[in-house]
Amino acid sequence: MTLQFLADGLIAGSAIALGAAGVTLTYSIMRFANFAQGEFISWGCYLTLLIAGPIGAGFASSVDAIGPLSVGWNVVLAGVLAMALTGVLAIALDAILFRPLRERGATITAVMASFGASMALRALLEVLFSSHPFYLSRELQMAIPVAPGIRVTPDQMVLVGFAAGLIACLHLLLTRTGIGRALRAVGENPALARVAGIDVGRVILLTWFLVGALACASGVMMGMVMQIRPTMGSDILLPLFAAAILGGVGSVPGALVGGLIVGLAEATTVELLGSQWRAAVAFVVLISVLLIRPTGLLGRAP
Amino acid sequence: MPDFVGMLAYASVFLTMTLINGIACLGLNLQWGQTGLFNVGVAGFMAIGAYTSALLTSAAVDGRFGGYGLPIVVGLLGAMIAAGLICALIGVITLRLRADYLAIATFGMAVGVQLTLRNEQFLTGGTFGISFIPRPFAILADRPLLFGFANLALVGALVVALVVILERLVRSPWGRVLRAVREDERAARALGKNATRYRLQAFALGGAIMGLAGGLEAHLIGFIAPDAFDSSLTFLIWTMLIVGGSGNNLGALLGAVLVSVIWSASGLATGVLFAPEDQARAAALRNVAIGVLLAATIVLRPRGLIGERLRVSRHAGEDTA
């Protein structure tokens, strides 16, 4: 047995952490578990794929791989644009679906609406792209040994750094800026925040944008290391929830910790029991947290 | 000359399957419509029922667990007990926590059930599923029309019995507490009602009804496989309840019929309209349509076609809706 699974778990865990940060943000600001979060991830990935093609065709030199990486600037640029577009997608879904329900005060109905939206969005990807797999990168990379028995590719190193950077930025945004304070204030008490002069509508828009953008980043990470399929987002939904609850709902550092733990637990299970049980890990983690410490590792009591 | 006998036989099978989904929908109505409990694992509980009943009643197979050859009634009871117990277990863990955690936990449970169905060959037959499940009225099997009608009558009778029981429950003091808990838990608790216990009872009972639906499906088709119980089934049952009218048992049944008709008709339509190589994508298009239907109903007509009747007791005041 080599320790390679630790590296694999770290990479999967980083992608989970980015998505879980979105779940935790949605939960603390809009106060519902968004079942369409997985679809933001898949849509982000497909949008990146869709934009990278024309950029590569227009500027042939952008397809050349950047240094030791397997993709060119076209994918990087496409990823950034897709993050913005996925943010807009999240805002649009809020405008047509969640806002009317929020105004009616039907929070738990929003969960069901998100469930319906997730099915529609996933099926729409299948209509548009079929269930045929796509790839952001087909290139084979030489893995570099970083520790005894552990090898990682340059792509993977950059991706983990990228995820850690994004989570750190998000954490700083929430804790060190005026916008972040407004966001947390709405999460604590929307009515009081409104009285204090905070534009709650804008805070919600910003939150959805962040949620969409983070989901897209998570999707790009997943798209770099595995096949792109319409079900990629719904397959990772349970790990996202497990990670968000394990870390403590509302806590961004918690999402990072939760994501890494779930990712490592999955990789360990695959190593020890076989890959068919990967999806059960998140469920076991979820139930254990709900039984032992429902507030999560870094969360506060509700 | 059109094949009237064949069409009638088809209609009876279609209606039987619709009513089975209707039964699951009644279970969901008890959980969501009456009590406000959000269950995203409907397909999982149906699968537990289907597999339990199949394992109890089918003949023994080498290398697979179960196969006790018990009567169908025993199988269906086992299906209800198994699904109800698992439901209660999930409820015990999550009902004391935030409402969304129940949704997430049931979703996870359905994923876990789906994995077990696919991977534990010794228990569930793996992806091939379980076949040769005993069917009621098997003696009539060579006369499709009579066979179809007998099964339809059986399921129909069960639906009527279930609606009568559930309607009585809704009107009973127990049913009133459920709605009180749903509307204002704090007020219900102030009146001395143990909200969590009532929720747990409603959740487990609803799960048992879903298990019954799953068990019936196993026996009436005679064959079950993991694919029949994936998340799109949960989604379909939810759409039935919301479109028909959450909180109303007859609404649940109406929704089941209506959504089944839309689902089957769209299946026939895409079968005719699209080339064979596009069939998979056309099937996805149906899911988009049902997803939009669900979301649109929630936003535009939250009460569904026939929503909840707000006055359930002749002692209560006039209908305020």
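**Ground rules**

I number residues from 1 along each chain as its sequence is written, and chains are lettered from A and ligands numbered from 1 in the order in which they are written. Since the model is predicted, local features need pLDDT of at least 70 and side-chain atom pairs count only at pLDDT 80 or more, while totals for chains, interfaces and linings use all residues.

**Entry 1: chain A as a whole**

I began with chain A and noted eleven helices and two strands, taking helices (H or I, at least four residues) and strands (E, at least two) as DSSP runs numbered from the N terminus. Read along the sequence, these elements follow the pattern α-α-α-α-β-β-α-α-α-α-α-α-α. The radius of gyration of chain A is 19 Å, close to the 19 Å that the globule rule gives for 302 residues, so chain A is as compact as a globular protein of that length; the radius is taken over C-alpha atoms, and the rule is 2.2 Å times the number of residues to the power 0.38. The C-alpha trace of chain A spans about 55 × 50 × 40 Å along its principal axes.

Of the 302 residues of chain A, 53% count as buried, where buried requires 20 or more other C-beta atoms within 10 Å of the residue's own, exposed means 12 or fewer, partly exposed lies in between, and C-beta atoms are placed from the backbone. I also looked up contacts (C-beta atoms, placed from the backbone, within 7 Å). Among those in chain A between residues at least 6 apart in sequence, 76% join residues at least 24 apart.

**Entry 2: Arg181 of chain A**

I located Arg181(A) in helix H6 (residues 178-188) of chain A. Arg181(A) counts as partly exposed because it has 14 C-beta neighbours inside 10 Å. From Arg181(A) to Ile198(A) I noted 17 residues in sequence and 9.9 Å in space, C-alpha to C-alpha.

**Entry 3: H2 against H8 in chain A**

Helix H2 (residues 37-58) and helix H8 (residues 200-225) of chain A pack at an angle of about 65°, with their axes 7 Å apart. For such values, axes are lines fitted to C-alpha atoms, for helices over the stretch in contact, and angles run from 0 to 180 degrees between N-to-C directions. The crossing of H2(A) and H8(A) is right-handed, that is, the near helix is turned clockwise from the far one by less than a right angle, anticlockwise being left-handed. On the H2(A) side I listed residues including Phe40(A), Gly44(A) and Leu47(A), and on the H8(A) side residues including Val211(A), Ala215(A) and Gly219(A). This contact divides into nine nonpolar, eight polar and no charged residues, with Ala, Val, Leu, Ile, Met, Phe, Trp, Tyr, Cys and Pro counted as nonpolar, Asp, Glu, Lys and Arg as charged, and the others, Gly among them, as polar.

**Entry 4: chain B as a whole**

In chain B I noted twelve helices and two strands, running α-α-α-α-α-β-α-α-α-α-β-α-α-α from the N terminus on. Its C-alpha atoms fill a box of roughly 60 × 45 × 35 Å, taken along the principal axes. Of the 321 residues of chain B, 49% count as buried.

**Entry 5: H2 against H9 in chain B**

Helix H2 (residues 42-57) and helix H9 (residues 195-221) of chain B pack at an angle of about 55°, with their axes 6 Å apart. That angle makes H2(B) oblique to H9(B), since angles under 35 degrees count as roughly parallel, over 145 as roughly antiparallel, 65 to 115 as roughly perpendicular and the rest as oblique. The crossing of H2(B) and H9(B) is right-handed.

**Entry 6: where the chains meet**

I then turned to the interface, in which 33 residues of chain B are in contact with 34 residues of chain A. On the chain B side, helices H3 (72-94), H4 (99-119), H10 (231-244) and H12 (279-300) each supply at least two residues. By class, that side has 23 nonpolar, seven polar and three charged residues.

Key: Two residues are in contact if their C-beta atoms, placed from the backbone, lie within 7 Å.
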